[in-house]
Amino acid sequence: MKKTFTIVLTVALAGFTSRAQDSQMANHLALGITLGLDGIGLEAALPVSPYVQARAGYSIFPYTYKQDVNLGSVEVGGQTKQLDKVPFSATMWKGGTGKLLFDVFPGKKTPFHFTVGAYFGAGKYLNAQADLSKQLDPADYATLAISYNNTKVSTDPNGIVSIDAKIGSVVPYVGIGFGRAIKPDSRVRVSFDLGALITGGTKLQTYNYVNLEGKAQPVVLTSQSLSDKDGKQVDNGWVDKISAFPVLPMLKLNVFVRLF
């Protein structure tokens, strides 16, 4: 009996000592599902120390907005054409976004943290497309200029006019959060992120393919380029205001499961 008690006590003390001496130096791994303004994603997390945890993952935005729109009268190849019931679609984060983040904790056990890192991808925060393939003759795809006020664009070789809200392909991220992706004595963890992508501004652009052999030439859109013939800004300056805004907000909910 005494021998059995000694063995149990030894095992218990060994387990306690092991937990107390957990260095949290890349000795755990957790996988998580994320849901936020960057869409739905997967992340892997591992501790760098009791004060820092690293996360890496990838997200996609699963929803595409679709609606027929009336573009009204536009000039196509020098002729006025009425473009009504044009299929229109829009989605965010085209191509998805990768991320590398570091959570910095003020204390060894505190759930509150600061986060720094970067998002990377195609740099298309918002992509919109107008399908003119049924409005134009196939021979006119990517060959006829389409004029709207002071802007001239064209369709691509498939009869699609695209508009992108462009940011950098690598964008710094800073934020705060609550919760640890990894806690050695817990299997499932929930955390929140609130922060911003430091974009320095967003470039709104469409494309011209005329006489470029299928290659796209970006055409930057501004409030001035969308002005009517009398010089009135039809967007009331909102394109310039949005383009100049230097950050994009980010909000995420994360659920992690520790693998070991």
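Is Tyr 125 buried, partly exposed or exposed? In this predicted model, Tyr 125 comes out as partly exposed, because its relative accessible area is 22% and the cut-off for buried is under 20%. The residue sits in strand 10. Leaving aside residues up to four places away in sequence, Tyr 125 is in touch with Thr 91, Met 92, Trp 93, Ala 165, Ile 167 and Leu 248. Arg 180 is another story: 55 residues separate it from Tyr 125 along the chain, and the two C-alpha atoms are 28 Å apart.

Strand 10 turns up again in the largest pocket, where it gives the largest share of the lining, five residues. This pocket holds about 940 Å³ of space. Its lining runs to 38 residues, and those closest to the centre are Phe 88, Ile 163, Leu 204, Leu 221 and Leu 226. Quite a list of elements supplies at least two lining residues each, among them strand 7 (86-92), strand 13 (160-166), strand 16 (203-208), helix 2 (238-244) and strand 18 (247-258). Sorted by class, the pocket lining has 28 nonpolar residues, six polar ones and four charged ones.

Of the 17 residues around it, Trp 93, Thr 97, Gly 121, Gly 123 and Ile 167 are the closest to its centre. Two of these names, Trp 93 and Ile 167, are also on the contact list of Tyr 125. Strand 9 (112-121), strand 10 and strand 14 (170-178) are the elements giving two or more residues to this lining, with strand 9 providing the largest share, three residues. By class, the cavity lining splits into nine nonpolar, six polar and two charged residues.

On to the charged side chains. Side chains of opposite charge can pair when their charged atoms come close. The structure holds eight salt bridges. In one of them, Lys 99 pairs with Asp 38, with the closest N and O atoms 2.7 Å apart. Lys 99 belongs to strand 8 (residues 97-104) and Asp 38 to the loop between strand 1 (30-36) and strand 2 (39-49), so this pair ties together parts 61 residues apart in sequence. Both Lys 99 and Asp 38 are buried.

Strand 8 also carries Asp 103, while Arg 55 lies in strand 3 (residues 52-60), so their pairing links parts that are 48 residues apart in sequence. For Asp 103 and Arg 55 the closest N and O atoms are 2.9 Å apart, and both residues are buried. A further salt bridge joins Asp 193 and Lys 252, at 3.2 Å from N to O. Here strand 15 (residues 188-198) is tied to strand 18, because Asp 193 lies in the former and Lys 252 in the latter, 59 residues apart in sequence. Asp 193 and Lys 252 are buried too. Together with Glu 43, the residues Asp 38, Arg 55, Lys 99, Asp 103, Asp 193 and Lys 252 are linked in a network of salt bridges.

Definitions and conventions
Residues numbered from 1 in each chain as written. Predicted model: local features only at pLDDT ≥ 70, side-chain atom pairs only at ≥ 80, totals over all residues. Heavy atoms only, no water. 1 Å grid on protein atoms, 1.4 Å probe; cavity = no way out; pocket = protein on both sides within 12 Å on 5 of 7 lines; lining within 4 Å. Points joined across faces, edges and corners; volume = space filled by probe spheres on them. Helix = DSSP H or I, 4+ residues; strand = E, 2+ residues; numbered from the N terminus. Nonpolar A, V, L, I, M, F, W, Y, C, P; charged D, E, K, R; others polar. Buried < 20%, exposed > 50% of the residue type's maximum accessible area, 1.4 Å probe, protein only. Contact = heavy atoms within 4.5 Å. Salt bridge = Lys/Arg side-chain N within 4 Å of Asp/Glu carboxyl O.
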